[in-house]
Amino acid sequence: RVEEKAATEPLTEVEERQEGSTTKPSAAKKKKRKSSSARATSGAPKRPKRPKTAYHFFYDERRAELVAEAEGAGAEVDNNGISARIGEEWKTLTEKTKYEALAEEAKAEYEKAVEAYEATGQSMEDCQPKKPLSAYMLFFQAKHAEAPEASVTAFAKETGVQWKNLSDDEKQPFLQAAKRQREFYETQMSFLARTKDALVGAAFVDSCASGRNATVSGYDAENDVYTIAYDGGAPTDDDDDEAALAEGAVSLSELRARVCGDDKAAKKFHDLAKKGPKPPPKQKHQKAPADKPRHKILDALDEPDRPDAPGAGAEP
């Protein structure tokens, strides 16, 4: 499928080096290279990542120590063995205060980041598009599909060697496919960086309408919803689900789910919008204290000399 979708024009030498190289770029090159997706969304804060737990802080610290020990001894780094060992160490660790404090700090920073993120009109419930795969990963997927029962670890070593031995012409289909994925991802990220009137006129691919090309045709500020126009018309009743989802206005969360290709989330937001906002919780009715007289028995107990008091007139 990758070969069938490959473009006819080959990539430039620079693009081939960027997409075809399996080695990690140097730190200097990383600073120079800034993706267009980062430039497109530079005006909006990035979606905050979930904070580390106490165990994750402990894991990172111990893993760095164990890897350094293995490399110093000239031994092969056993990632699975290291993870298992760290897990057992954590279970028996008695003093976890240091890592719990780090986790609390990370949580506080995360909550501040979420507040700043949602203040721009974004929502943590909004979907995110899948990140594009590299040319090598597309090659790996294609080869692994031919032998799905093979071990991923062993297969990765084999395909790594095969990829290095491929000629430039043989790599072209995967390089072109990776380039298309990257461009589509950057378009999605550019769309997600906009809200309200800035989205009117923005084009996207609606996953809930069989991948139809669509455009945001309007924004209703009073109700905070958007309308969609489809190239070639909206879905018909031939597909009830698609037609129902295409009807009427949609919320920003549903619109973003469609752009990201998350049909399940889009349907959830669509159904929530149809139900309308949740009613506020009912307040328990508390009667105002009335100036009622105390019960006569209680009054009589306080005043034992009263004739109606229990035991009044009885012999001592």
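Me: Why does Lys-196 count as partly exposed?

Reply: Happy to walk through that one. This is a predicted model, and in it Lys-196 has a relative accessibility of 47%. Buried needs under 20% and exposed needs over 50%, so Lys-196, at 47%, falls in between and counts as partly exposed.

Me: Where is Lys-196 found, and what is its phi?

Reply: Lys-196 sits in the loop between α10 and β1 (203-206). Its phi is positive, about 55°, although Lys-196 is not a glycine.

Me: What makes Asp-224 buried, exposed or partly exposed?

Reply: Its relative accessibility is 39%.

Me: How do you know whether His-144 is buried or exposed?

Reply: The relative accessible area of His-144 is 17%. The limit for buried is under 20%, so His-144 is buried. His-144 lies in helix α8 (residues 135-146). Leaving aside residues up to four places away in sequence, His-144 touches Ala-150, Val-152 and Phe-155.

Me: What makes a residue such as Ile-228 stand out in the largest nonpolar core?

Reply: The number of other members touched. This core has 25 residues, and Ile-228 is among those that touch the most other members, together with Phe-191, Leu-199, Phe-204, Val-216, Tyr-226 and Leu-255. Two or more residues each come from α10 (168-192), β2 (212-220), β3 (225-230), α12 (252-260) and α13 (263-275). The largest share, five residues, is given by α12.

Me: Which residues does Ile-228 touch, not counting residues up to four places away in sequence?

Reply: Ile-228 touches Phe-204, Ala-214, Thr-215, Ser-217, Val-250, Leu-255 and Arg-258. There is also a second, separate core of 13 residues, which includes Ala-147, Trp-163, Leu-166 and Ala-178.

Me: Where is confidence lowest and where is it highest?

Reply: Helix α1 (residues 2-5) has the lowest confidence, with a mean of 42, while helix α5 (residues 54-72) has the highest, at 93. The chain averages a pLDDT of 76, and 66% of the residues score at least 70. Residues 1-9 have a pLDDT below 50, and this stretch has 12 contacts in the model beyond near neighbours in sequence. Residues 12-42 are also below 50, with 28 contacts counted beyond near neighbours in sequence.

Technical notes:
Residues numbered from 1 in each chain as written. Predicted model: local features only at pLDDT ≥ 70, side-chain atom pairs only at ≥ 80, totals over all residues. Heavy atoms only, no water. Core = buried A, V, L, I, M, F, W, Y, C linked by side-chain atoms within 4.5 Å. Buried < 20%, exposed > 50% of the residue type's maximum accessible area, 1.4 Å probe, protein only. Helix = DSSP H or I, 4+ residues; strand = E, 2+ residues; numbered from the N terminus. Contact = heavy atoms within 4.5 Å. pLDDT = per-residue confidence, 0-100.
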